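Trainee: I am new to this structure and would like a close look at one part, the surroundings of the ligand. Could you take me through that part slowly and then link it to what lies around it?

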Amino acid sequence: MLVYRLPGTFDTREAHLDLLWEAGATGLEERAGHIRAYFGARTALPPEIADGDWTEEAEQDWQAEFRRTLRPVRAGRLTIVAPWHAGEAEEGTRPLIIEPGMAFGTGHHATTRMATEALSELDLAGVRVLDVGTGSGVLAIAAALLGAGFALGVDIDPITIPIARENAEINGVAPAQARFEEGTLGLGDLPELEEAPFGVVVANLYAELHDLLAGEYAAHLVPGGPLVLTGILTGKLDLVRAALDREGFTGVTVREDGDWALVTARRGEEP
Ligand SMILES: C[S@@+](CC[C@H](N)C(=O)[O-])C[C@H]1O[C@@H](n2cnc3c(N)ncnc32)[C@H](O)[C@@H]1O
């Protein structure tokens with residue numbers, strides 16, 4: 001693979017980005033002060049950009065570089081690691097191994113890390129946990145490793161389900177501890193969801209969906225059960241706060257990391 005560097009940012013070079021795709025770029029990335037364009041082979045750049053200040057980088061083993069730079073992420077009582085870093089969990093934490101792949105949830109996004117930290121602060125011993133939008137399965141697996149009695153991960157995207165199951169297996173989490181099913185809330189077609197309510201519901205989705213699903217979260221939680229929501233841009237916190245208020249959640253707390261927020265609340269009053 002070849003990488004060409006061009007000074008500038010996506011904003012200042014916007015007109016060039018389409019040209020790069022048309023020229024066959026397989027990836028574009030903005031780094032401090034320059035754009036990197038990835039090509040499978042040496043490519044004649046279009047004249048509009050060929051006279052720019054391009055540098056061709058030496059060919060590298062990008063796969064090895066990617067594997068090296070994907071560092072372990074500390075999240076509460078766990079460290080989220082790729083399989084090749086399984087021995088590098090921080091002292092006093094347990095490794096949560098996630099194979100980086102097609103599904104969201106390697107721990108490198110602030111929302112995944114904050115949600116894992118929030119789960120880590122709860123006493124999950126023996127508790128049934130519902131993870132809505134499970135992706136890589138990271139939060140359901142985290143719950144199982146933190147002692148949950150059972151975790152169910154659901155995702156609307158079917159490609160995530162075998163990925164989540166494989167990640168559970170890598171972590172030694174058996175199907176009796178964590179199961180993964182295609183689906184969502186509100187459709188009523190998942191037998192597991194018709195069973196007794198869950199002790200904790202966690203969802204890393206987005207603010208508008210939390211607004212839509214807030215009533216479903218309440219319906220699937222035991223009275224007083226904690227709700228952990230993230231994937232929320234800080235500018236949309238009011239939408240989520242209003243939805244939780246509408247559905248009778250109490251004790252709302254907010255934590256932020258950059259543009260992202262995590263909200264916790266409890267269903268109704270303590271029993
Ligand atoms: C931001 S990722 C979160 C992945 C993982 N739980 C984490 O915390 O890193 C959101 C996931 O939610 C799924 N999703 C989106 N809309 C959904 C819905 N209505 N019901 C269930 N899953 C949904 C997506 O397919 C995606 O896998």
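Mentor: By class, the shell around the ligand is made up of ten nonpolar, ten polar and two charged residues, where Ala, Val, Leu, Ile, Met, Phe, Trp, Tyr, Cys and Pro count as nonpolar, Asp, Glu, Lys and Arg as charged, and the others, Gly among them, as polar. This is a predicted model, in which local features need pLDDT of at least 70 and side-chain atom pairs count only at pLDDT 80 or more, while totals for chains, interfaces and linings use all residues. Residues are numbered from 1 along each chain as its sequence is written.

Of the 22 residues around the ligand, Gly105, Gly133, Gly135, Thr184 and Asn204 come nearest; a residue is near a molecule if its C-beta atom, placed from the backbone, lies within 6 Å of it. Two or more residues of this shell come from each of helix H4 (110–120), H5 and strand E9 (150–155), the names referring to DSSP runs numbered from the N terminus, with helices (H or I) of at least four residues and strands (E) of at least two.

H4 gives the most to the shell, with three residues. This helix is mostly covered, since eight of its eleven residues are buried, and these are Thr111, Thr112, Arg113, Met114, Ala115, Thr116, Ala118 and Leu119. Here a residue is buried if 20 or more other C-beta atoms lie within 10 Å of its own, exposed if 12 or fewer, and partly exposed in between, with C-beta atoms placed from the backbone.

Leu119 also belongs to the largest nonpolar core, where, of 64 residues, Leu119, Val129, Ile141, Ala142, Ala143 and Val201 touch the most other members; such a core is a set of buried Ala, Val, Leu, Ile, Met, Phe, Trp, Tyr and Cys residues joined through C-beta atoms within 7 Å. H5 gives the most to this core, with eight residues. Leaving aside its neighbours within four places in sequence, Ala142 is in contact with Leu78, Leu96, Thr116 and Leu119, two residues being in contact if their C-beta atoms, placed from the backbone, lie within 7 Å.

Among contacts between residues at least 6 apart in sequence, 62% join residues at least 24 apart. Along its principal axes the C-alpha trace spans about 70 × 40 × 35 Å.
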